[in-house]
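Visitor: I would like to go through this structure with you. Could we take it one topic at a time?

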Amino acid sequence: MNWSIAAPVVSAAFLASLVEVVEAFTIVLAVASLQGWRPAATGTVAGLALLASVVLLLGPLLSRIPLSSLQLAIGILLLLFGMGWLRKASLRAAGVIPLHDEEAAFATETARLSAQGRRAHRNLQWVAGITAFKAVLLEGLEVVFIVIAVGAGRGLLIPAAFGALAACALVLAAGIIIHRPLSRVPENTLKFGVGVMLSAFGVFWTGEGLGIAWPGQDLALLLFAALFLAAGLTGASLARKRSMEFA
Amino acid sequence: MAILGELATELVSMFAGEKRLTLAVLTLITAAALLVDFVGLNQLIAGTVLLLGCPVLLIESVCRSARTQAFAARAQSGGK
C-alpha cells in the first residue's frame with residue numbers, strides 16, 4: 001500500500017466520519033435519555049444494517065465500472081460535496097452562520113420527542129426507535145459516500161472503511177464514558193479540514209477522469225489541499241469583512 | 001415513505017445544497033472537458049483552469065452568501 005495516498009484517504013474518512021458520527025450520536029443519546037437504550041440501540045442497529053447492505057450492494061458494482069469513468073464520477077461528486085462543506089465551514093468561521101451546537105441539537109431533539117410523547121404515548125417507543133434509525137441512516141449516508149468516494153478511486157475502500165470504523169469506535173467510547181453530547185469536538189475546524197481534503201481529492205480525480213496527468217502524481221494533492229485551504233481562509237476573512245461592512 | 005423523502009432530500013443537499021455553486025462547478029468541469037476533448041488544448045492548461053477555477057468559485061460563493069445574509073439582517077432591522 002502506498003502511504004502517500006493511503007494516509008490522506010484514511011484520515012479524510014476518519015475525520016469526516018467523526019463529524020457525522022458525533023451528530024448521529026447526539027440524537028441517539030437524546031432518544032436513549034428519554035426512552036431508554038432499547039429503542040435507541042434497535043434504531044441504531046437497523047440503520048447500520050441498512051447502510052451495510054448499501055455498501056455490500058454498491059461495492060461489487062463499482063468494480064465493474066471502468067476506472068477513468070469511476071474517477072470522473074466520484075471526482076465530480078467529491079468536488080461538489082467537499083466544496084459544500086468548505087463553503088459552510090468558511091461561513092461559520094466568519095460568523096455569518098452560527099456554529100453547530102451539539103448541546104442545542106440535543107435539547108431540540110429531546111423537546112421534540114417529549115412533545116411527540118405527550119401526543120401519542122403508546123407509540124413513543126416506536127417513534128424513538130425511528131428517530132434513532134433516521135439519524136444513523138441520514139448521517140451514515142454521508143459516511144458511506146465519503147468512504148466509497150475517497151477509497152474507490154485508488155482501490156483503498158478497506159483502509160477508508162477502517163478509518164470510518166475507527167471514528168465510530170472513538171465516538172462510541174467517548175460517549176459511553178462521558179454520557180453527554182460531544183459538544184467539545186471542534187466540529188467546524190474538522191469540517192473545514194475535511195472540506196479542504198475532499199475538494200483536493202475531487203479536483204485530482206476529476207482531472208484524472210478527464211485524462212489529465214497531474215505533475216508529481218499523488219504529491220499534487222498537497223498543492224491542491226494548500227490551494228483550497230487558502231481559498232477557504234480567504235473566503236472566511238472576506239465574508240467577515242463583508243458582513244461587518246453591511247451590518 | 002416520509003423516510004424515503006428525507007433520504008432523497010439529504011442526498012440532493014449533499015451535492016447541491018447551494019445551487020449556484022453546484023451549477024458553477026459543473027460548468028467549470030464541462031469547460032475543462034471541452035478544452036481537452038474538442039479544443040485540443042494541452043491537458044495541463046485544462047487542469048489549471050479546473051484547479052484555479054474551483055477556489056475562485058468557492059470564494060465568490062462564500063462572499064455572496066455573506067453579503068446576502070448581511071442585506072437580509074439589515075432589512076430585518078429596518079435598514080438602519
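This is a predicted model: local features need pLDDT of at least 70, side-chain atom pairs count only at pLDDT 80 or more; totals for chains, interfaces and linings use all residues.

Visitor: Let us start with chain B. How many helices and strands are there in chain B?

Guide: Chain B has three helices and zero strands. Read from the N terminus, the order of its elements is α-α-α.

Visitor: What radius of gyration does chain B have, against that of a compact globule of 80 residues?

Guide: The radius of gyration of chain B is 18 Å, whereas a compact globule of 80 residues would be near 12 Å. The C-alpha trace of chain B spans about 55 × 45 × 15 Å along its principal axes.

Visitor: And what percentage of the residues of chain B count as buried?

Guide: The buried share is 24% of the 80 residues of chain B.

Visitor: Moving to the interface, how many residues of chain A are in contact with chain B?

Guide: On the chain A side there are 42 residues, in contact with 37 residues of chain B. Helix 3 (67-93), helix 5 (124-152), helix 7 and helix 8 of chain A each give two or more residues to that side.

Visitor: Which of these gives the largest share?

Guide: Helix 8 of chain A does, with 13 residues. By class, the side of chain A that touches chain B comprises 28 nonpolar, ten polar and four charged residues.

Visitor: Is B:Pro55 buried or exposed?

Guide: B:Pro55 is buried, because 22 other C-beta atoms lie within 10 Å and the cut-off for buried is 20 or more. This proline lies in helix 3 (residues 43-76) of chain B.

Visitor: Which residues is B:Pro55 in contact with, leaving aside its neighbours within four places in sequence?

Guide: Those contacts are A:Leu227, A:Phe228 and A:Ala231.

Visitor: Now the helix packing in chain A. At what angle do helix 2 and helix 5 of chain A pack?

Guide: Helix 2 (residues 37-62) and helix 5 of chain A pack at about 30°, and their axes are 7 Å apart. The two helices are therefore roughly parallel, as angles under 35 degrees are counted that way. Their crossing is right-handed.

Visitor: What residue classes make up that contact?

Guide: The contact of helix 2 with helix 5 of chain A has 19 nonpolar, eight polar and no charged residues.

Visitor: What about A:Val45, where does it lie?

Guide: A:Val45 lies in helix 2 of chain A. It counts as partly exposed, since it has 14 C-beta neighbours inside 10 Å.

Visitor: How do helix 5 and helix 6 of chain A cross?

Guide: The axes of helix 5 and helix 6 (residues 157-178) of chain A cross at roughly 145° and come within 8 Å. This crossing is right-handed.

Visitor: Which residues meet there?

Guide: From helix 5 of chain A, the residues include A:Val143, A:Val147 and A:Ile148, and from helix 6 of chain A they include A:Leu157, A:Pro159 and A:Ala164. The classes in this contact are ten nonpolar, one polar and no charged residues.

Visitor: One last point. What phi does A:Gln217 have?

Guide: A:Gln217 has a positive phi of about 45°, although it is not a glycine. Most residues other than glycine have a negative phi. A:Gln217 is found in the loop between helix 7 (187-209) and helix 8 (220-246) of chain A. With 13 C-beta neighbours inside 10 Å, A:Gln217 counts as partly exposed.

Definitions and conventions:
Residues are numbered from 1 along each chain as its sequence is written. Chains are lettered from A and ligands numbered from 1 in the order in which they are written. Helices (H or I, at least four residues) and strands (E, at least two) are DSSP runs, numbered from the N terminus. A residue is buried if 20 or more other C-beta atoms lie within 10 Å of its own, exposed if 12 or fewer, and partly exposed in between; C-beta atoms are placed from the backbone. The radius of gyration is taken over C-alpha atoms; the globule rule is 2.2 Å times the number of residues to the power 0.38. Two residues are in contact if their C-beta atoms, placed from the backbone, lie within 7 Å. Ala, Val, Leu, Ile, Met, Phe, Trp, Tyr, Cys and Pro count as nonpolar, Asp, Glu, Lys and Arg as charged, and the others, Gly among them, as polar. Axes are lines fitted to C-alpha atoms, for helices over the stretch in contact, and angles run from 0 to 180 degrees between N-to-C directions. Angles under 35 degrees count as roughly parallel, over 145 as roughly antiparallel, 65 to 115 as roughly perpendicular and the rest as oblique. A crossing is left-handed if the near helix is turned anticlockwise from the far one by less than a right angle, and right-handed if clockwise.
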